[in-house]
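I opened this model to look up its sheets, its helix packing and a handful of single residues. The entries below are kept in the order in which I worked.

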Amino acid sequence: MGLERIALISDVHGNLSALEVVLADIEARGITRIFNLGDYVGKGPRGRAVVDRCRELCEVNILGNWDDFLPDPDREIDNESLRWWKNELREDQWKWLRDLPFSHDFVLSGRRIRLFHASATSVHRRVRFDHDEQEYLGMFENTPATGDGPVPTVVGYGDTHDSFYEADLDRRILFNTGSVGNNMSDPTPVYVILEGIPDTLEDAPFSIQFVRVPYDAAAELEIARTLGMPQLAGYESEIIHGTYRGDLAANTPPTYHRPARG
């Protein structure tokens, strides 16, 4: 069996414009397998269309924190923006999102790979780029959320909208896919290509590639404006300037990268 490529996308967040250019790039490379690491909805204006496209094209779809939180009928936090993003979806999509699996395990070129959205314990627990050793090791552990399968040697996740790659002396690899629709710092959509020989525990060539695909973010912002989406200033801050909307509102420096050391 020869080398195979799998595209990993994450955190589209209702940005259909970004999703379509990434999907076109994946198709142009001849890649037919797409795994989605969650957060289809919220922040952007076209979550309904994003969900439909991902259901159509993604072989694997995984639960994200927004996918769990936004359609939750018992959600205690509520405001105009959350209601807008939820009601832009169809009711059947609310259930589909909340029923998504927590993680996905598979084997590629002798590596046991596990994908999830945010951390090994919960879609709502965030592990930043500037994590400590305990957080790093915890990403490879089995938990009630992941189940008791073989412990992974490679873990990929999304959530923070901030791509990175890290390896240790035990040949473990932790990487973050970054975000297709809402990437921080450099707001260019980014996704990952894994390449290796599938379903073998024997060592073989293996690679992780990060791909950035430019798109017309100004046109995407105009679509959000035309559709009457709330929080336009926050959306502009994120997809045009790569600055988290919470930092914009608080007038604080971006928090997605390593803080200054004392």
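What follows is my notebook on the strands, then the helices, then some loop and helix residues.

**Conventions.** I am working with a predicted model, in which local features need pLDDT of at least 70 and side-chain atom pairs count only at pLDDT 80 or more, while totals for chains, interfaces and linings use all residues. Residues are numbered from 1 along each chain as its sequence is written, and side-chain values use heavy atoms, with hydrogens and water left out. I take helices (H or I, at least four residues) and strands (E, at least two) as DSSP runs numbered from the N terminus, and I call two strands paired if DSSP finds at least two bridges between them.

**First sheet.** I looked up the strand order and found an open sheet of five strands, β3-β2-β1-β9-β10, with mixed pairing. Its edge strands, each pairing on one side only, are β3 (60-61) and β10 (207-212). I then followed β9 (residues 190-196) and noted that six bridges join this strand to β10, the two running antiparallel; isoleucine 193 has glutamine 209 of β10 as its bridge partner. In the loop between β9 and β10 I came to aspartate 199, which has a positive phi of about 60° although it is not a glycine. Aspartate 199 is exposed, with a relative accessible area of 67%, where buried means under 20% relative accessible area, exposed over 50% and partly exposed in between (1.4 Å probe, protein chains only).

I found helix α1 (residues 16-28) lying across β1 (4-9), β2 (33-36), β9 and β10, and running at about 175° to β1. For such angles, axes are lines fitted to C-alpha atoms, for helices over the stretch in contact, and the values run from 0 to 180 degrees between N-to-C directions. Contact here means heavy atoms within 4.5 Å.

On its pairing with β6 (residues 154-157), β5 runs in the parallel sense over three bridges, and arginine 114 stands opposite valine 155. Further along, four bridges join β6 to β8 (residues 173-176), which run parallel, and tyrosine 157 has asparagine 176 of β8 as its bridge partner.

**Is β5 enclosed or open?** I asked how many residues of strand β5 (residues 111-116) are buried. Five of the six are, so the strand is largely enclosed by the rest of the structure.

**Helix pair.** I looked up α2 (residues 47-57) and α5 (residues 91-98), which pack at an angle of about 55° with their axes 11 Å apart. That makes α2 oblique to α5, since angles under 35 degrees count as roughly parallel, over 145 as roughly antiparallel, 65 to 115 as roughly perpendicular and the rest as oblique. The contact is made by Arg48, Val51, Asp52 and Arg55 of α2 and by Asp92, Gln93, Trp96 and Leu97 of α5. The buried residues of α5 are Gln93, Trp94, Trp96 and Leu97, and what covers them includes α2, β3, α3 (65-69) and α4 (80-88).

**Single residues.** Serine 10 lies in the loop between β1 and α1 and is buried, with a relative accessible area of 0%. Leaving aside neighbours within four places in sequence, I listed the contacts of serine 10, among them Asn36, His117, Asp159 and Thr177. Lysine 43, in the loop between β2 and α2, has a positive phi near 75° in a residue other than glycine and counts as buried at 9% relative accessibility. Glutamate 236 sits in helix α8 (residues 232-241) and counts as partly exposed at 32% relative accessibility. With neighbours within four places in sequence left aside, glutamate 236 is in contact with Leu221 and His241.
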